[in-house]
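This briefing covers one protein chain.

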Amino acid sequence: MTTIQIILLLIIAAITGIGSVLDEGQTHRPLIACTLVGLVLGDLKTGIILGGTLELMALGWMNVGLAMAPDTAIASVISTILVITADQGIGEGIAVAVALAAAGQALTIFVRTITVFLIHRADKYAKDGNFKGIEIMHITAMAFQALRVMIPTLIVALISVSAVQAFLGNIPEVITKGLQVGGGIIVVVGYAMVINMMNIPYLKPFFYIGFLLAAFTDFNLVGFGALGLCLAFLYQQVMQKNQAQGAVAAAADNNMAVYDDDDLDA
């Protein structure tokens, strides 16, 4: 791994670490993080496949109240590095990602506990009207979140490929197979959540059309994406036309009502 690749990986790690608390850009999601890591390491295909698989698993990972979800940022970045550099399969990557997500969960709780001190300092600066101090506290808190992913990424990037392969090879098969099965179950839950989100009557025909085309044709994902985009534009144009016709009909009804009132007054 070259120096430029390590620097780029650290930048990606920082972005994903900050994104895991900002949530606005969703840069911590596996589909984005794994793809970027794969792009840097020269194996974009593996990054996309691993990211897509982990994304379906991570759909069910969310913070509920005080319950902290497994960390997708560390799991996505480091598992992709290990899979690509050690030439491992997607199954091994899923097994490693699940373990890393659990370890990252404890690490993010620790970092967020530290940032409580920064929040209290920001409150004090707010009372004093010190806007510069508030900005510094915000930037420092985000820096902690960035380092939370950058430091493990740097350690993994500096480890030799042979050491990584030896580590992954020493994982018992019962553990890797068990995590793969568990990951498959979580993927099913992710599919169910997506279908539940699409449980809207006027969107169901599109879902059924896609399912039938996938089952009885040889369309690839690029073809489905293009078809979905065309259907979306078509649906939007039809809806706009119907709304325009409805507005014209409503205006005509109002005009007729006005004429009828004038006739009654006469």
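Predicted model: local features only at pLDDT ≥ 70, side-chain atom pairs only at ≥ 80, totals over all residues.

**Annotated spans and fold**

Residues 31-54 form one of the stretches to which UniProt, in an unreviewed entry, gives the feature "transmembrane region". The chain as a whole has 10 helices and zero strands.

**Transmembrane annotation**

- The unreviewed UniProt entry places "transmembrane region" at residues 6-22, 31-54, 60-84, 96-119, 149-169, 181-200 and 206-235.
- For residues 206-235, the end C-alpha atoms lie 10 Å apart, and the span is 87% helix with 0% strand.

**Chain totals**

- Along the sequence the pattern reads α-α-α-α-α-α-α-α-α-α.
- The chain has 266 residues, of which 30% count as buried.
- Its accessible surface is about 16,200 Å², and carbon and sulfur atoms contribute 70% of that area.
- Among contacts with a separation of 6 or more, 73% join residues 24 or more positions apart.

**Helices H3 and H4**

- Helix H3 covers residues 44-58 and helix H4 covers residues 72-85; the two pack at an angle of about 145°, their axes 10 Å apart.
- The crossing of H3 with H4 is right-handed.
- On the H3 side the contact is made by Thr46, Gly47, Leu50, Leu54 and Ala58; on the H4 side it is made by Thr72, Ser76, Ser79, Thr80, Val83 and Ile84.
- Sorted by class, this contact of H3 with H4 has five nonpolar residues, six polar residues and no charged ones.

**Threonine 46**

- Threonine 46 sits in helix H3 and is one of the residues through which H3 contacts H4.
- Threonine 46 counts as buried because its relative accessible area is 17%, under the 20% cut-off.
- Apart from neighbours within four places in sequence, threonine 46 is in contact with Val83, Ile84 and Ile90. Val83 and Ile84 also belong to the H4 side of the helix contact.

**Threonine 115**

- Threonine 115 lies in helix H5, which runs over residues 90-128.
- The relative accessibility of threonine 115 is 11%, so this residue is buried as well.
- Between threonine 115 and histidine 138 there are 23 residues of sequence separation, and their C-alpha atoms are 9.3 Å apart in space.

Conventions:
Residues numbered from 1 in each chain as written. Heavy atoms only, no water. UniProt positions renumbered as here; feature names shortened; annotations may be inferred. Helix = DSSP H or I, 4+ residues; strand = E, 2+ residues; numbered from the N terminus. Buried < 20%, exposed > 50% of the residue type's maximum accessible area, 1.4 Å probe, protein only. Contact = heavy atoms within 4.5 Å. Areas by Shrake-Rupley, 256 points an atom, 1.4 Å probe, with all protein chains shown as cover. Axes fitted to C-alpha atoms, helices over the stretch in contact; angles between N-to-C directions. Left-handed = near helix turned anticlockwise from the far one by under 90°. Nonpolar A, V, L, I, M, F, W, Y, C, P; charged D, E, K, R; others polar.
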